[in-house]
Amino acid sequence: MTNLLKSLLAVGASLAISQAFVGQALAANGACPPGVPAGIFCGEPDASLAPVGTYKLDKDHASVLARVPHMGYSISVFRFDKVAGSLVWDPASPAKSSVTATVETGTVATNVAGFGADISSKYLGAKANPTATFVSTAFRKTDATHGQVDGDLTLMGKTRPITFDVVLVGAGKGFGKPRIGMTATTRIKPADFGMPPVFADPIELVIDAEFEGQ
């Protein structure tokens, strides 16, 4: 390969990388990348862009994942397919905010065919306790894009206090109504909720949620 060809390839790669970072920068500043239809506003990492009010969970842009240790070899990911929730948001006083969420325990999806139904019925007791709920008790802002939410998780008929670590993904004008989205994570002890001993290690819950103003 000639030096000229090497130089051209290097320049091309540099331009491609630069364009990728420019696209990310535009999105981070609220300007959508090329190709997004007019009238759609991308989010920015600024929670104040979601005005005070009540927000409803966008079920099409939300997920609840349980990351469960698998026999010391890997982490199995279980997804709950039906979830609902609401957020009362006050950007000027986050401590006044609150959130509630409901997950249908009979809607577990896994990579293993048929195993989701076993998880729901045998290990989560979905017939007797068809829903799991979370009701917040406190919001704490730690910096501009991070915070913690305390609350009560009810699972398998047992209620325990937990704390979610929350990271703001973005807020903005949305698609006609304001939106705010975040990722929340926590870890629970299966024994606290009456799960069988086979679930010995803590389970990580990861929630990605996008809320739309009402």
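The structure holds 6 salt bridges, a salt bridge being a side-chain nitrogen of Lys or Arg within 4 Å of a carboxyl oxygen of Asp or Glu. The model is predicted: local features need pLDDT of at least 70, side-chain atom pairs count only at pLDDT 80 or more, and totals for chains, interfaces and linings use all residues. Residues are numbered from 1 along each chain as its sequence is written, and side-chain values use heavy atoms, with hydrogens and water left out.

**Salt bridges of Arg179**

- Arg179 pairs with Asp58, the closest N and O atoms being 2.9 Å apart.
- Arg179 belongs to strand 9 (residues 179-188) and Asp58 to strand 1, so this bridge ties together parts 121 residues apart in sequence; strands are DSSP runs of E, at least two residues long, numbered from the N terminus.
- Arg179 also forms a salt bridge with Glu210, at 2.7 Å from N to O.
- A salt bridge joins Glu212 to Arg179, with the closest N and O atoms 3.1 Å apart.
- Salt bridges with shared partners join Asp58, Arg179, Glu210 and Glu212 into one network.

**Exposure in the network**

- Arg179 is buried, with a relative accessible area of 9%, whereas Glu210 is partly exposed at 22%.
- Buried means under 20% relative accessible area, exposed over 50%, and partly exposed in between (1.4 Å probe, protein chains only).

**Positive phi**

- Met71, in the loop between strand 1 and strand 2, has a positive phi of about 55 degrees.
- Met71 is exposed, with a relative accessible area of 64%.
- Met156 has a positive phi near 55 degrees.

Terms used. Helix = DSSP H or I, 4+ residues; strand = E, 2+ residues; numbered from the N terminus.
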